[in-house]
Amino acid sequence: MTPGLAFFYGGMVRVKSALNMLMMSFIALGISSVLWVLYGFTLAFGTNYSDADDGGLIGNLDFLGFQDITADNSDMLAFAVFQLMFAVITPALMSGALADRVKFSSWALFIALWISVVYFPVAHWVWASDGWLFEQEVIDFAGGTAVHINAGAGALAAVLVIGKRVGFKKEPMRPHNLPMVLLGAALLWFGWFGFNAGSALSPNGTAALMALNTQVATAAAILGWLAYERIRHGAFTTLGAASGAIAGLVAITPSGAHVTPLGAILIGLVSGAICAWAVSLKYKLGFDDSLDVVGVHLVGGLVGTLLVGFLATDGLGGFEQFGKQALGAFAVMAYSFVVTYLLAQLIQRTIGFRASEEEEVAGLDLAYHAETGYDFSQSGTGTVPAAGSVPVTADAAAGEKKVDA
Amino acid sequence: MKLITAVIKPHRLDEVKDALQAFGVHGLTVTEASGYGRQRGHTEVYRGAEYTVDLVPKVRIEILVEDSDAEQLVEVVVKAARTGKIGDGKVWSLPVDTAVRVRTGERGPDAL
């Protein structure tokens with residue numbers, strides 16, 4: 001899913017920082033996967049498997065370096081590998097909010113710190129069998145709070161520290177490649193079946209229901225978003241369809257195993273329309289969440305997490321459950337927002353989080369990756385100098401390579 | 001001689017080419033262009049954010065003709081390019097001092 005996210009976000013930015021946007025997801029794959037084996041899994045699920053009592057805040061270190069998780073212990077190994085996917089995509093989701101303006105090295109450090117102090121504990125709260133929100137019976141089947149509300153609240157906090165892109169609300173910042181956005185949305189949709197149905201942890205009826213609900217909620221959310229757009233802005237846009245699909249996927253994630261297909265359609269329609277409205281908030285409130293992580297993931301996550309309180313059909317629905325859902329959503333939102341804010345401040349005040357204005361205006365691809373995504377020198381627009389037009393030796397090329405400060 | 005320049009909607013290019021051929025024009029130059037007139041450009045919407053795109057795609061056609069044909073040719077182009085909707089474009093003509101056929105060195109009307 002995370003490579004799909006890379007394309008979804010990558011197409012939405014401007015040409016000059018397209019590679020950087022793709023790389024923000026790929027570095028999350030790199031860092032989070034390694035940390036998951038080193039200490040992530042044990043912090044998130046350690047106590048779950050060892051039955052120690054720690055108040056449900058964080059796992060113990062029984063499985064440091066995946067010790068005792070072997071092929072002989074296949075159920076646990078499969079679970080640990082499956083959960084890795086969630087640990088990878090959650091920090092990557094936040095990259096959309098910070099598009100086009102952060103230092104790559106700082107982003108990499110941010111991911112490493114963020115999953116360690118925000119994601120691993122929150123995953124423990126929500127999903128470990130002794131996690132304190134799990135014990136409060138908060139429903140989060142596949143990540144509405146642990147993934148989407150968590151990433152959405154973190155994105156908002158980080159954006160408030162980083163500030164707006166140069167030219168926000170003044171210059172056009174149109175997506176540079178909408179087919180790529182749709183490709184990314186399609187890959188995400190496909191991957192989400194594994195994410196959602198797989199959370200049943202076995203090929204049973206719950207998995208089948210989750211797969212169906214994932215499909216129909218996503219479908220309905222496309223309709224909800226497009227209907228809102230047609231009424232409000234007069235067009236059915238491609239970006240709206242892609243965004244609606246993601247909003248539906250987000251909203252059904254916490255709730256899909258506990259609602260009927262009709263309930264899933266309702267959740268989809270509501271999340272599509274509400275998220276379509278919510279993405280305009282950044283212009284009204286004046287924060288620059290570049291690719292609408294708050295509008296889609298925080299708001300979509302809240303819609304799904306709260307609605308399941310009412311729509312749950314397996315004897316869980318009602319005001320009492322709604323209260324539990326609100327507690328879970330608020331606790332994760334508050335924790336993620338506060339800790340992420342402090343982390344982003346720490347990075348900003350030490351090594352600097354934000355790219356220089358010169359780098360930002362010129363585009364981050366050249367500044368941090370020594371590459372450009374596209375060569376337009378043959379198409380007559382002349383915006384990018386022809387690559388390799390001047391022969392250079394390997395040494396000279398290495399000497400000229402820009403180093404990430 | 002006159003240089004007739006027309007900036008028109010891209011989808012009318014075939015009609016204009018056919019009309020010029022029927023009139024007896026042997027050669028023309030076509031360039032992709034962009035611009036706007038009184039109506040300005042169009043509006044694009046991305047997640048509710050509206051962008052006004054001033055410059056809209058056009059094609060620019062240039063034709064060299066003899067003085068005697070110029071007036072009539074302008075009419076031919078205008079008629080073929082017209083859709084009656086906003087943004088149809090413009091046609092104008094300018095006097096030309098010299099024209100040379102590069103292959104033979106012929107000058108003036110012989111070069112057309």
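Reply: Start with Lys9(B). Lys9(B) is buried, because its relative accessible area is 15%. Buried means under 20% relative accessible area, exposed means over 50%, and partly exposed lies in between (1.4 Å probe, protein chains only).

This is a predicted model, in which local features need pLDDT of at least 70, side-chain atom pairs count only at pLDDT 80 or more, and totals for chains, interfaces and linings use all residues. Residues are numbered from 1 along each chain as its sequence is written, chains are lettered from A and ligands numbered from 1 in the order in which they are written, and side-chain values use heavy atoms, with hydrogens and water left out.

Where does Lys9(B) sit? Its place is the loop between strand 1 (2-8) and helix 1 (13-23) of chain B. Helices (H or I, at least four residues) and strands (E, at least two) are DSSP runs, numbered from the N terminus. Leaving out residues up to four places away in sequence, Lys9(B) touches Lys58(B), Val59(B), Thr83(B), Lys85(B), Ile86(B), Gly87(B) and Asp88(B). Contact here means heavy atoms within 4.5 Å.

Now the salt bridges of chain B. A salt bridge is a side-chain nitrogen of Lys or Arg within 4 Å of a carboxyl oxygen of Asp or Glu. Lys17(B) and Asp14(B) form one, at 3.8 Å from N to O. They are 3 residues apart in helix 1 of chain B, so about one helical turn separates them. Lys17(B) is partly exposed, because its relative accessibility is 35%. Asp14(B) is partly exposed too, at 48%.

Take Glu62(B) and Arg60(B) next. Their side chains meet in a salt bridge at 3.5 Å, N to O. Glu62(B) has a relative accessible area of 23%, so it counts as partly exposed. Arg60(B) is partly exposed at 31%.

Arg101(B) and Glu106(B) also form a salt bridge, at 3.1 Å from N to O. Arg101(B) is partly exposed, with a relative accessible area of 24%. Glu106(B) is partly exposed as well, at 30%.

Now turn to the side that touches chain A. The contact takes 9 residues from chain B and 19 residues from chain A. The two chains bury about 1,100 Å² between them, 59% of it on carbon and sulfur atoms. Buried area is the accessible area (1.4 Å probe) that two parts lose on being put together, summed over both. Which residues of chain B lose the most area to chain A? They are Tyr46(B), Arg47(B) and Tyr51(B), together 69% of what that side buries.

Strand 3 (42-46) and strand 4 (49-53) of chain B each supply at least two residues of the side that touches chain A. Strand 4 gives the most, with 4 residues. What kinds of residue make up this side of chain B? They divide into 5 nonpolar, 1 polar and 3 charged. Ala, Val, Leu, Ile, Met, Phe, Trp, Tyr, Cys and Pro count as nonpolar, Asp, Glu, Lys and Arg as charged, and the others, Gly among them, as polar.
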